[in-house]
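Let's take a friendly walk through this structure, with an eye on its charged side chains and one of its sheets.

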Amino acid sequence: MFGPNTFFTDNVNVCCSHRDHSFFELFDKTRELFARRSGLEDYDILFIPGSATVGIETTMRSMKYRIKMTGYDGEFKNRWNQMLLNYPKPDSYPETEMFCRLETSVSVPFSREGCIVDAVSAFPYYDVPKNTKVMCTCLNKQLASYVGLAVVCIKKDQWEHCIDGDVFSYLNLRRYKDYSEKHQTPNTAPTYIYEHFYKVLQNFNLDEFRDRINKVSDIICGCIPEEYIIGEKRCPVITIKKEAFKDNRLAEKFDLYGYWTGKSDYQIFTYT
């Protein structure tokens, strides 16, 4: 009810293969509609199979930058710092910064121009900062589609800073770019996810979406004393100190995010 993945009901019909012409058309239409609706026409839209985390690791692996984390301290900044240790880059590479647009562990947004952006739990409630080099998000959170695809948006002038296509790896953005030019994916694509996501994009209204999050945030924060709210009070993710619930049976009843995993605080994802 309050978790990070939106609930919906859908009937899945797999009507084509990822190598059929009908999927090529769907693939192109979905990328084009996403770019247009998001104001990202200057970006190449790439779909990476797996979670948003895979999209972020693919970006770290692919970019010829020495990436330094900035922004607010929190669980995800720490996580990406750990991951970056796996991908050291030569001193000859230029340096760039990366940050979490919304550090969900403490419910605070951060923005800076000209960086790599983890917008997984932030997009599209928070806008994409100007001159962002690469933006990573996913389908199953605010965009309310299936779990299974990360979205990596790379500015078209950034390909000179990406490793070559002859580096054979499924953690190589260039590989997805090369296949996209043939209207395809390098892997077996879940065609039904693209179908559902295209329908979502057709019906998505950003102003209504932001207004709904604000209203839900106001309702929730109106029920919780202010001293128990961590971070933003109008936010896709409201973080609440556990002390706000003197009776844990309430948290169990409403299946609050963090109750079963032993997190230090509870969270409510207002877009769900």
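A salt bridge here is a side-chain nitrogen of Lys or Arg within 4 Å of a carboxyl oxygen of Asp or Glu. This is a predicted model, so local features need pLDDT of at least 70 and side-chain atom pairs count only at pLDDT 80 or more, while totals for chains, interfaces and linings use all residues. Residues are numbered from 1 along each chain as its sequence is written, and side-chain values use heavy atoms, leaving out hydrogens and water.

By that rule the count comes to 10 salt bridges. In one of them, Arg234 meets Asp218, with the closest N and O atoms 2.7 Å apart. This pair links distant parts of the chain: Arg234 sits in the loop between strand 9 and strand 10, and Asp218 in helix 6 (residues 206-223), 16 residues apart. Helices (H or I, at least four residues) and strands (E, at least two) are DSSP runs, numbered from the N terminus.

Another salt bridge joins Glu226 and Lys233 (3.9 Å, N to O). Glu226 counts as exposed at 57% relative accessibility, whereas Lys233 is partly exposed at 35%; buried means under 20% relative accessible area, exposed over 50%, and partly exposed in between (1.4 Å probe, protein chains only).

Three strands form an open sheet in the order 9-10-11, with antiparallel pairing; two strands pair if DSSP finds at least two bridges between them. Strand 9 (229-230) and strand 11 (265-269) are the edge strands, each pairing on one side only. Strand 10 (residues 237-241) pairs with strand 11 over five bridges, and Lys241 has Asp265 in strand 11 as its bridge partner.
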